[in-house]
Amino acid sequence: MPAFTRARVILYGFVSLWSLLVLLPLLWMVLASFKSRRELFMDPLGLPGEWSGEAFGRAWGVGMGQFLVNSLLATAASVVVIIAVSGMAAYVLARSDAGWTRAIYLLIVAGFAVPVQAVLVPLYQMISGAGMLNNLAAIVLPYAAYGIPFTTVLFFAFFLDFPRELEEAARLDGCSRIRTFFSVILPLSGPAIASAAIFQAVFIWNEFVLALLMLTSPGNKTLPVGIIQLRGEFTADWPAVMAGLSIAVLPILLIFVLAQKYFVRSLAGLGK
Amino acid sequence: MTAAPARLAAVSARPQVGARGSALILLAPALGLCTIFIFIPAVLAIAGSFFTFGITSRVWEPAGLSNYARAFADPVFWIALRNNLIIVLGSIVLQVGFGTILAAILDRGLPRYATVFRTVIFAPMVVSAVAVALIWQVILDPNVGALNAIIKAVGLTPPTLGWLGDPAISIWVILMIACWQYTGFMMVLILAGLQGIPKELYEAASLDGARGLTAFRHITLPSIRNVLIVAVLITTIGGFKVFDLIYATTQGGPANATQVLGTYIYLQAFNLGNMGYANAISVILLGIAVVLGWVQLRVSRRA
């Protein structure tokens with residue numbers, strides 16, 4: 001153990017202070033959800049005098065359970081579509097030098113530049129015109145589309161380094177390209193799949209603007225839109241809002257802490 | 001390995017699709033989804049910016065360039081653009097700046113607990129921006145909020161209109177919330193770059209007497225130049241796309257003081273029904289995003 005120099009105290013102090021700034025608001029959220037409305041108003045900083053779970057009951061009554069299920073369904077469906085569809089495309093693109101596949105690669109990459117905020121009007125009109133408002137597919141399909149460019153680039157790089165002997169063996173055995181992809185390539189792409197899935201899941205789980213536009217009936221809302229509804233239903237019942245936020249935030253934080261290595265590796269990949 | 005060839009041989013008995021045919025089948029879903037949900041809407045947004053129409057109207061009235069003229073004459077459009085620039089520049093200075101400092105400390109300054117600190121500081125990144133916005137909205141609330149309670153406890157006076165209610169400061173308060181959420185992300189991004197620097201470089205420099213801040217300036221910063229450029233680009237693009245945080249805290253108010261392009265597009269389109277005008281602002285945002293995306297592609301290819 002090296003000596004505790006003054007420089008080291010400053011460095012530890014700085015990261016500790018920053019960590020405290022991150023933790024205190026989250027801690028306050030949890031504490032506030034156990035207080036009564038009166039207590040929160042009279043003494044915003046203190047510990048709850050009497051730990052009461054009533055606010056959680058009020059928040060749950062608004063439909064947090066349904067929001068949670070909807071978020072899970074939308075995220076799972078979108079991520080599965082993104083992985084399958086991007087994987088297939090990236091595999092073809094990584095195994096072909098033809099000019100037309102290069103052009104398709106560039107086209108798909110170009111999709112990365114289009115922010116969803118810039119196409120809200122046509123997207124809304126297309127989806128409402130198709131009668132798909134308030135349908136989970138109205139967000140799953142656009143989420144899938146907006147996840148494809150980045151995931152295709154990620155898989156493209158992975159497949160370039162993928163050993164070709166296995167594919168050739170499969171082809172010699174008469175395997176079609178499509179079959180080769182699903183029974184040889186995909187099962188061996190675990191690391192790339194995990195990385196892409198975590199990255200997309202974080203963004204889709206938290207996506208707000210499309211869900212806000214497309215899902216307006218309470219039974220269909222995902223968590224980010226649901227907690228806005230929660231705030232609307234409880235004017236000045238901040239303990240209930242904080243309880244609802246705790247229900248929405250703590251599970252994802254727990255998953256993150258348990259799997260932080262994979263989250264960090266996946267999201268840091270954006271810098272590559 | 002004996003069973004597999006037999007199984008595969010059975011498959012090959014079926015009629016085979018040609019090489020180009022199978023390539024098209026594998027490409028079709030990705031191309032189809034991107035075309036329907038990205039490219040066609042982008043083209044429609046550009047086309048729609050030259051017309052006037054409402055949310056439910058089937059008729060598009062030709063409007064020429066008037067939607068763009070309206071944007072350039074609209075003070076709120078300029079407020080929104082200025083606020084986007086405040087978020088972008090403020091985030092570059094604060095998020096990339098503190099992200100670099102935190103990453104450098106975690107990389108070489110702490111013999112223990114670096115992973116614990118990394119986990120804590122990165123954590124807000126996985127929380128939805130809406131949840132972050134609501135937590136802070138309550139913390140900053142003039143009546144029940146923790147911040148004012150602390151400020152009053154130490155004998156200072158909080159702003160009378162509230163942190164998010166005072167148009168003079170609200171956009172800066174929102175910038176602070178964004179930094180609370182995303183500095184850890186920048187830190188992790190930059191940390192990944194730092195961990196690629198060979199330790200021998202530092203050892204050699206240390207023999208030459210370069211340690212601490214000198215080593216940071218002459219070894220660390222030049223080695224992560226490309227990572228820093230990517231971090232700045234991601235922050236810039238994110239700053240132009242900001243929506244959730246502002247919609248959930250102020251909805252662009254008070255009196256449009258925190259309007260950004262994203263929230264203004266939403267307001268014009270879905271609250272005021274000016275779809276053509278909203279499209280014109282969208283196209284301006286799209287133009288900014290495409291230029292930045294192109295730069296990012298060029299940089300990450302070089303990296």
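Trainee: What should I know about the model first?
Mentor: The model is predicted: local features need pLDDT of at least 70, side-chain atom pairs count only at pLDDT 80 or more, and totals for chains, interfaces and linings use all residues. Residues are numbered from 1 along each chain as its sequence is written, while chains are lettered from A and ligands numbered from 1 in the order in which they are written.

Trainee: How are two packed helices described?
Mentor: By the angle between their axes and the distance between the axes. Take helix H5 (residues 114-122) and helix H8 (residues 170-194) of chain B: the angle is about 135°, and the axes are 7 Å apart. Axes are lines fitted to C-alpha atoms, for helices over the stretch in contact, and angles run from 0 to 180 degrees between N-to-C directions. Helices are DSSP runs (H or I, at least four residues), numbered from the N terminus.

Trainee: Which residues of H5(B) and H8(B) meet?
Mentor: Arg118(B), Ile121(B) and Phe122(B) meet Gly184(B), Phe185(B), Met187(B) and Val188(B). Contact requires C-beta atoms, placed from the backbone, within 7 Å.

Trainee: How many residues join chain A to chain B?
Mentor: 83 residues of chain A contact 87 of chain B. On the chain A side, helix H1 (residues 6-33) gives the largest share, 13 residues.

Trainee: What do the buried residues of H14(A) pack against?
Mentor: Helices H10 (190-206) and H13 (238-258) of chain A, together with H5 and H8 of chain B.

Trainee: How is chain A divided?
Mentor: Into domain 1 (6-54) and domain 2 (63-233). Their C-alpha centres lie 37 Å apart. The bounds come from an automatic or database domain assignment.

Definitions and conventions:
Helix = DSSP H or I, 4+ residues; strand = E, 2+ residues; numbered from the N terminus. Contact = placed C-beta atoms within 7 Å.
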